[in-house]
Amino acid sequence: MRCIAIEDEPLALERLLQYIGKLPELQLDATFDNAPDALVYIRNHPPDILFVDINLGEMTGIQLLETLRPDCAIIITTAYQEFALKGYELNVTDYLMKPYTFDRFFQAVEKAKNTRLKTESPDKSYIFIKTEYRLEKVMLDEIIFIEGMRDYRRVHLRDRSIMTLQTFKEFESQLPGHMICRIHKSYMVSINNITSVEKDRVLIAGKRLPVSETYKKDFLALIGAGK
């Protein structure tokens, strides 16, 4: 999920960026220390999640939200509890009180992910993948797994493979996580095409791919083996 952070306190921004960096499903597109600059950027580059402080100088975070009415998940980060009611009137996803912990931040992001899943079209059954000088349409049920190869990603399909410069983060923002998920820094797999899971590996299309500790917990929970 693509995100933007609006925060004018350097230490608070540093903590927020550290937390964002811990979650591979988040891609930070831009940061701003004032609302007017952020307003212009967001109109041209709408994010999936907007992290916004309230006290931002001449234009507050609340005023920005009232002006923009962004069509994305909104997570307010502030030291002032009295703005909570107004925030919820603006349909914010969550309200983080500073100083917040990583666990509390993670809960807010999970709410944002669930909000996104509810608003995504259930009928979308394909993506377009950039390869060479074209965009190639690929049906989701064609994808077996995606493999990282230095600067490239190889998308293994049922009858062929595609080489692309698209990053795993870009794929994670395109693909439904309940169908095709990350299991390793170098692999994403189609859940429907997994033959078996053994220890720290999955068997898929006759290949054994590693499951790293970073992704293991979420992966096992997704396939119903978390217990």
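Student: How many strands form the open sheet that includes S8, and in which order do they stand?

Tutor: There are 5 strands in this open sheet, arranged S10-S9-S8-S12-S11 with antiparallel pairing. This is a predicted model, in which local features need pLDDT of at least 70 and side-chain atom pairs count only at pLDDT 80 or more, while totals for chains, interfaces and linings use all residues. Residues are numbered from 1 along each chain as its sequence is written, and side-chain values use heavy atoms, with hydrogens and water left out. Strands (E, at least two residues) and helices (H or I, at least four) are DSSP runs numbered from the N terminus.

Student: Why are S10 and S11 said to stand at the edges?

Tutor: Strand S10 (161-164) and strand S11 (180-184) each have a single partner strand, so one side of each is left without a neighbour in the sheet. From one strand to the next, the twist averages 20 degrees, where axes are lines fitted to C-alpha atoms (for helices, over the stretch in contact) and angles run from 0 to 180 degrees between N-to-C directions.

Student: What makes S8 and S9 a pair?

Tutor: Two strands pair if DSSP finds at least two bridges between them; strand S8 (residues 143-149) and strand S9 (residues 152-157) are joined in the antiparallel sense over 6 bridges, so they meet that requirement.

Student: How do you know on which sides of S4 the chain is covered?

Tutor: Ala73, Ile75 and Thr77 on one side of S4, and Ile74, Ile76 and Thr78 on the other, are all buried, which covers both faces. With 6 of the 6 residues of S4 buried, the strand is largely enclosed by the rest of the structure. S4 also runs parallel to S3, joined by 5 bridges, and Phe51 stands opposite Ile75 in S4.

Student: Why are the buried residues of H2 said to line one face of the helix?

Tutor: In helix H2 (residues 35-44) the buried residues are Ala35, Ala38, Leu39 and Ile42. Seen down the axis of H2, they fall within an arc of 105 degrees, so they line one face, the arc being that of the directions from the helix axis to the C-beta atoms. Val40 and Asn44, on the other side of H2, are exposed. The buried residues pack against strand S1 (2-6), strand S2 (27-32), strand S3 (49-53) and helix H3 (61-68).

Student: What makes Asn34 a cap for H2?

Tutor: A side-chain oxygen of Asn34 lies 2.9 Å from the backbone nitrogen of Asp37, at the N-terminal end of H2. A polar contact is a pair of N or O atoms within 3.5 Å; within protein, one must be able to donate a hydrogen and the other to accept it, and residues adjacent in sequence count only if both atoms are side-chain atoms. The distance of 2.9 Å therefore lies within the cut-off.

Student: What is meant by a nonpolar core, and which residues have the most contacts inside the largest one?

Tutor: A nonpolar core is a set of buried Ala, Val, Leu, Ile, Met, Phe, Trp, Tyr and Cys residues joined through side-chain atoms within 4.5 Å. The largest has 23 residues, and those with the most contacts inside it are Ile6, Leu50, Val52, Leu64, Leu65 and Ile76. S1, S2, H2, S3, H3 and strand S4 (73-78) each supply at least two residues of this core. Apart from it lies another core, of 19 residues, among them Met1, Tyr19, Phe51 and Ala73.

Student: Why are S13 and S15 said to stand at the edges of their sheet?

Tutor: That open sheet has 3 strands in the order S13-S14-S15, with antiparallel pairing. S13 and S15 each have a single partner strand, so one side of each is left without a neighbour in the sheet. S13 and S14 form a hairpin with 2 residues between them, and Lys199 in the turn has a positive phi of about 50 degrees.

Notes:
Buried < 20%, exposed > 50% of the residue type's maximum accessible area, 1.4 Å probe, protein only. Contact = heavy atoms within 4.5 Å.
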